[in-house]
Amino acid sequence: MIKTRVPIRDPFVRRWVMNRYGDGTAVIDVTKKSFLGIIVELGSEKIAHQHVLPKSMEDESICITLLMPDSLKSSFVNPDKAFVMARAFERMYEETFKEVVSAFVRVGYSDYDAVTMFVTTYFGNGAEDDKLAEKLRKKWRDHQNWLRKKIAKNLAA
């Protein structure tokens, strides 16, 4: 297995990736058939005649380690592409949040309960998670306000 590290600065996004794709640890085993495997395969480059792989200068505490499959043994993920992968994870986290909360709201839950269900599902319970829930509730309200303005603008046009 070849290891690559992806620096994810936001601790909540890092925890979401670890809980969704791994088993709660910072080391995730990647298969080529998974979505994460496809992202890693797109971000990997073939090693020509390099004997030393580029090293990331990031702090270990903000990185997740991806164990790449043996089929990519002659590849590596360039640190610049690892940062792009981190941005993709952040965007995927936001999109998943909006989709899950909107699904709960459509079923009949209140906005407050829908965000609580998302946090409980992906993060568990705790004092730090209460801060996250408040942050996400504000993000959901901002998203709702943006949608209202967008609809009003489209109706006016």
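**Entry 1**

I began with Asp10, which counts as partly exposed because its relative accessibility is 23% (buried means under 20% relative accessible area, exposed over 50%, partly exposed in between, with a 1.4 Å probe and protein chains only). The model is predicted, so I kept in mind that local features need pLDDT of at least 70 and side-chain atom pairs count only at pLDDT 80 or more, while totals for chains, interfaces and linings use all residues. Residues are numbered from 1 along each chain as its sequence is written, and side-chain values use heavy atoms, with hydrogens and water left out.

I then looked up what Asp10 pairs with, and found a salt bridge to Lys135, with the closest N and O atoms 4.0 Å apart (a side-chain nitrogen of Lys or Arg within 4 Å of a carboxyl oxygen of Asp or Glu). Asp10 lies in the loop between strand 1 and helix 1 (11-21) and Lys135 in helix 5 (residues 127-156), so the pair ties together parts that are 125 residues apart in sequence. Helices here are DSSP runs of H or I with at least four residues, and strands are runs of E with at least two, numbered from the N terminus. Lys135 is partly exposed, at 44% relative accessible area.

**Entry 1: other salt bridges**

I noted six salt bridges in the structure. Glu94 forms one with Arg91, the closest N and O atoms being 3.0 Å apart. Both residues lie in helix 3 (residues 79-107), three residues apart, about one turn of the helix. Arg91 is partly exposed at 43% relative accessibility, and Glu94 is partly exposed at 25%.

Glu94 also meets Lys139 in a salt bridge, 3.8 Å from N to O. This pair links distant parts of the chain, with Lys139 in helix 5 and Glu94 in helix 3, 45 residues apart. I wrote down the network as Arg91, Glu94, Glu95 and Lys139.

I looked up the strand order and found an open sheet of three strands, 1-4-2, with mixed pairing (two strands pair if DSSP finds at least two bridges between them). Strand 1 and strand 2 (27-29) are the edge strands, each pairing on one side only. Strand 2 runs parallel to strand 4 (residues 63-68), and three bridges join them. Asp29 stands opposite Leu67 in strand 4.

I checked Thr4 in strand 1 (residues 2-7). Thr4 counts as buried, at 8% relative accessibility. Leaving out residues up to four places away in sequence, Thr4 touches Ile64, Thr65, Leu66, Met68 and Val77 (contact means heavy atoms within 4.5 Å).

**Entry 2: aromatic rings**

I found eleven aromatic pairs (rings of Phe, Tyr and Trp, its six-membered ring, with centres within 6.5 Å; planes under 30 degrees apart count as stacked, over 60 as edge-to-face and the rest as tilted). Trp16 and Tyr21 have ring centres 6.4 Å apart and planes at 85 degrees, so the pair is edge-to-face. Trp16 is buried at 0% relative accessibility, whereas Tyr21 is partly exposed at 22%.

The rings of Tyr93 and Phe123 also form an edge-to-face pair, with centres 6.4 Å apart and planes at 80 degrees. Tyr93 is in helix 3 and Phe123 in helix 4 (residues 111-123), 30 residues apart. Tyr93 and Phe123 are both buried. I listed the cluster that ring pairs link, including Phe12, Trp16, Tyr21, Tyr93, Phe123 and Trp140.
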